[in-house]
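Welcome! Take a look at the sequence and structure first, then read on.

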Amino acid sequence: MTSVSAARYTRQTLKGSLTTLQVQHPLFSAALALQGGHLFRFAPTGSDNWLWLSPDAHFEPGRAIRGGIPICWPWFGDPDRNPEPVRAQFQGESLPAHGFARTRMWALAGLSETEQGVTLTLVPDDKAGPGTPPEAQWRGDAAVTLTFCFRPDSLSLELTTTNTGTQPLALTQALHTYLPTADIGCTSLRGLHGATYLDTLDDWQLKTQSGEVIFNGETDRIYQAAPTISINGPDQGFCLSARGSASTVVWNPGPDKARRLSDFPDHGWTSMLCVETANAASDFRTIEPEQQHTLAMTLSRPQAR
Ligand code: TA6
């Protein structure tokens, strides 16, 4: 494991009951919890947090942080809604949504700091004791690393899975990015025109996107494409690009689900959206023994025209 004791910009602190790494670089700041390898802040100097973090988020052991970029691995969403090869990787009932990576402990395995940026690599912390119960119900043998690359004008995240077993490993996964907006009703996504998507709110029917994605209430779609997407809010814009992905999840809970969600204020749905770089549904990945797959995203500001 790597220590931050000699680091210039990176410190280890407590937030709530969780150990976090706080990066204070002259050109940006960032923060992540070692539980879940969960990034919850990235802000170029002079900017607000590029990530939405619920004001009701809790930083407690075993409780996923609401906001930032939850790591959904080694399955995405409802376990029972996954393709059969992915379901065959786990046994038992009452498994949580989005796998167990986001509630297990990770440890710092690499740190690089320069005047241009900071790169951190995390791996599961085996010294943190046995994984969470769902982990015991998963049959996969895998090594997994999370690499964060912070630059003054961008944030990149790579999730790399290596199959260390002797059998093919099937998984779904997502980098579940929460973004802020001043008004979801005046926010649109450009780049998905013509893409097919599963509408999980309409019996998972396959539909085709026409024009920009806009939000009229609860939205929960798995697009079968991963183009570079521009997110256009009334107050700010982002550009999200993907690597190792052919699916993108777009989600806003709307008013009714917002009231049912944990750690989520009733009106929080008006000021956030999720655009998630994924390998979800038919985009599940099968990794052969000794092979690896990387799912990656980069968040930046739109290029000036
Ligand atoms: O990514 C969209 C989604 O699967 C939604 O259906 C909703 O459940 C969201 O994830 C949040 O899930 P969570 O388990 O973090 O509350």
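## The enclosed cavity

Strand β19 is the main contributor to the lining of the largest cavity, giving three residues. Keep in mind as you explore that this is a predicted model. Both β19 (237–243) and β21 (272–279) supply at least two residues each to the lining of the largest cavity.

The volume of the largest cavity is about 40 Å³, and a search of the whole structure finds one cavity of 30 Å³ or more. Sorted by class, the lining of the largest cavity has five nonpolar, three polar and one charged residue.

## The largest pocket

Now let us turn to the pockets. The largest pocket holds about 710 Å³ of space. Two elements give two or more residues to the lining of the largest pocket: β17 (219–223) and β20 (247–252).

In total, 34 residues line the largest pocket, and those nearest its centre are Gly77, Ala97, His98, Arg102 and His176. The lining of the largest pocket divides into 15 nonpolar, ten polar and nine charged residues.

## The ligand and its neighbours

Where does the ligand sit? Its place is in the largest pocket. Around the ligand you will find Arg66, Phe76, His98, Arg102, His176, Asp220, Val249, Trp251, Lys257, Leu261 and Glu276. This shell is made up of four nonpolar, two polar and five charged residues.

Which side chains place a polar atom 2.8 Å, 2.9 Å or 3.0 Å from an oxygen atom of the ligand? For Glu276 the distance is 2.8 Å, for Arg102 it is 2.9 Å, and for His176 it is 3.0 Å. The ligand taken alone exposes 390 Å², and the protein buries 82% of that area.

One more stop remains. About 190 Å³ of space lies in the second largest pocket. Trp73, Phe100, Arg104, Val123, Pro124, Asp126, Glu135, Trp138, Gly140, Ala142 and Val144 form its lining.

At least two residues of the lining of the second largest pocket come from each of β7 (118–124) and β8 (142–151). By class, the lining of the second largest pocket has seven nonpolar, one polar and three charged residues.

How values were computed:
Residues are numbered from 1 along each chain as its sequence is written. This is a predicted model: local features need pLDDT of at least 70, side-chain atom pairs count only at pLDDT 80 or more; totals for chains, interfaces and linings use all residues. Side-chain values use heavy atoms; hydrogens and water are left out. A residue is near a molecule or strand if one of its heavy atoms lies within 4 Å of it. A polar contact is a pair of N or O atoms within 3.5 Å; within protein, one must be able to donate a hydrogen and the other to accept it, and residues adjacent in sequence count only if both atoms are side-chain atoms. Accessible areas come from the Shrake-Rupley method with a 1.4 Å probe; for residues, only the protein chains shown count as cover. On a 1 Å grid over the protein atoms alone, a cavity is a set of points where a 1.4 Å probe fits but cannot get out, and a pocket is an open set with protein on both sides within 12 Å along at least five of seven lines; lining residues have an atom within 4 Å of a point. A molecule sits in a cavity or pocket if more than half of its atoms lie within 2 Å of its grid points. Ala, Val, Leu, Ile, Met, Phe, Trp, Tyr, Cys and Pro count as nonpolar, Asp, Glu, Lys and Arg as charged, and the others, Gly among them, as polar. Grid points are joined across faces, edges and corners, and a volume is the space filled by probe spheres set on the points. Helices (H or I, at least four residues) and strands (E, at least two) are DSSP runs, numbered from the N terminus.
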